[in-house]
Amino acid sequence: MDQLKNEIKSKVRIQYNECFEFARAIEYLCEQYGKALPEGVVIAETDQKVKEKLKTKVTKEMLKEISWLYKNLNISGIIEAYAVDYHTATVDEMLYAIEGSDDVVFSNYLGGIYISKFHARYYRDWSEVKHSVELMKNYIKECQVIDDSTRKNVVKCLEAPRETRKKVITLLRRFYREAYSKVKNNVERVLSEVQKRYMEQLFLTPTDFVNRYFRNEFRIQNGHWPYRMTIHLSLFDPLDLKRLSIHDYMSQEGYLVLGKEAIQWYNDENQSHIMCQFLKAISDENRLTILKQLSVKPSYGQELAKKLGLTPATVKHHLALLEDMKLITASKTEHKIYYSINRRVLEQGFEDVKTYLM
């Protein structure tokens, strides 16, 4: 057991990375000031003041432009990808990395992150086309996706990758200079204090730390923990644990974001409540049928009502409950809202129940 504890302590790093939190700040603004937090999680008044100050520094025009990049290009994902791949610690370094990359490299990030976000599927693998801007553009043109307007915008950006890259760099530099830099020192100060609490928890109870915060593929295996993880703590995303980089199964390394308030949420009492809510959500026959249908293909409300023989109002009620539990996701088109099963969250729910009980 001591060997396992030492193994975990030597392979987990907890730190602050300006690029990652810069991306979290953009998500916070573009998702209308963050996600709803569960009952029992209290945001410190000082943290709220930091968030309010950031909002006051962002003009409507700037927010509109950033929101367009966030919705269509997943700009926070591009920031994270460059930060991970180029090992950048500051926003300046990250922006210089984007500026120094050529059109093909930038287009690969832009198109690859779009494919990942919208789960577009096509007979060719992205790795076969990522060395040619024209091939990448045609790949995305031919993909079958629900949100066609976003796809068209991505294709348009790929038609002029250099101009798109300049627009991204100019806007991000402006956002950093006029808004984020005004709160950066406060963010760093708060997270440096939080880091001490997480480090103390890691060194006192390393196995509990892993079981409490890490997800399926990062669990302890046969008395060993083979991974090497770097955790970035976040103020703007206070609760979630989010994987930043595609997990490297060769080196078994990865980057994660862990919300600063997760330490007050991931305890036995709250986890018991989460398990009950999850089991309640999937214990209804109609909801199980809806999940089964959505596992086959995305569908909209009227379509589900017709197939299941239920009223639209009943289906709407069940969809709302499943969406609240994040077991499904919604994607708006011009005329309909399509729902898709969230396999990751569903699998995580079953895994958490198993871990909690066994």
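Predicted model: local features only at pLDDT ≥ 70, side-chain atom pairs only at ≥ 80, totals over all residues.
1. **His87.** A positive phi also turns up at His87, where the value is about 55 degrees, although this residue is not a glycine. His87 belongs to the loop between helix 5 (75-85) and helix 6 (91-100). Is His87 buried or exposed? Its relative accessibility is 63%, so His87 counts as exposed; the cut-off for that class is over 50%.

2. **Lys326.** This is another residue that is not a glycine but has a positive phi, here of about 65 degrees. Lys326 is in the loop between helix 17 (312-324) and strand 6 (328-332). With a relative accessible area of 44%, Lys326 is partly exposed.

3. **A stacked pair of rings.** The structure holds 15 aromatic pairs. One of them is formed by Tyr82 and Tyr86, with ring centres 5.4 Å apart. Why is this pair called stacked? The two planes stand at 20 degrees, and planes under 30 degrees apart count as stacked. The two partners can also be described by their accessibility. Tyr82 is buried, at a relative accessible area of 0%, whereas Tyr86 is partly exposed, at 37%.

4. **A cluster of rings.** Ring pairs also link several residues into a cluster. Its members are Phe22, Tyr28, Phe175, Tyr176, Tyr180 and Phe236.

5. **Charges over rings.** Two further contacts bring a charged side chain to an aromatic ring. The charged end of Lys167 sits over the ring of Trp68, at 4.8 Å from the ring centre. Arg173 lies over the face of Tyr96, and here the distance to the ring centre is 5.1 Å.

6. Four strands make up an open sheet, and their order across it is 1-2-4-3, with mixed pairing. Which strands stand at the edges? They are strand 1 (12-15) and strand 3 (241-243). Each has a single partner strand, so one side of each is left without a neighbour in the sheet. From one strand to the next, the twist averages 25 degrees.

7. **Strands 2 and 4.** Within this sheet, strand 2 (residues 228-234) and strand 4 (residues 253-259) run parallel and are joined by seven bridges.

8. **Ser340.** This residue lies in strand 7 (residues 337-341). Its relative accessible area is 19%, and Ser340 is buried, because the class takes in values under 20%. Ser340 and Val296 are 44 residues apart along the chain, while their C-alpha atoms are separated by 9.1 Å.

Key:
Residues numbered from 1 in each chain as written. Heavy atoms only, no water. Phe/Tyr/Trp six-rings, centres within 6.5 Å; stacked < 30°, edge-to-face > 60°. Buried < 20%, exposed > 50% of the residue type's maximum accessible area, 1.4 Å probe, protein only. Lys NZ or Arg CZ within 6 Å of the ring centre and 35° of its normal. Pairing = 2+ DSSP bridges. Helix = DSSP H or I, 4+ residues; strand = E, 2+ residues; numbered from the N terminus. Axes fitted to C-alpha atoms, helices over the stretch in contact; angles between N-to-C directions.
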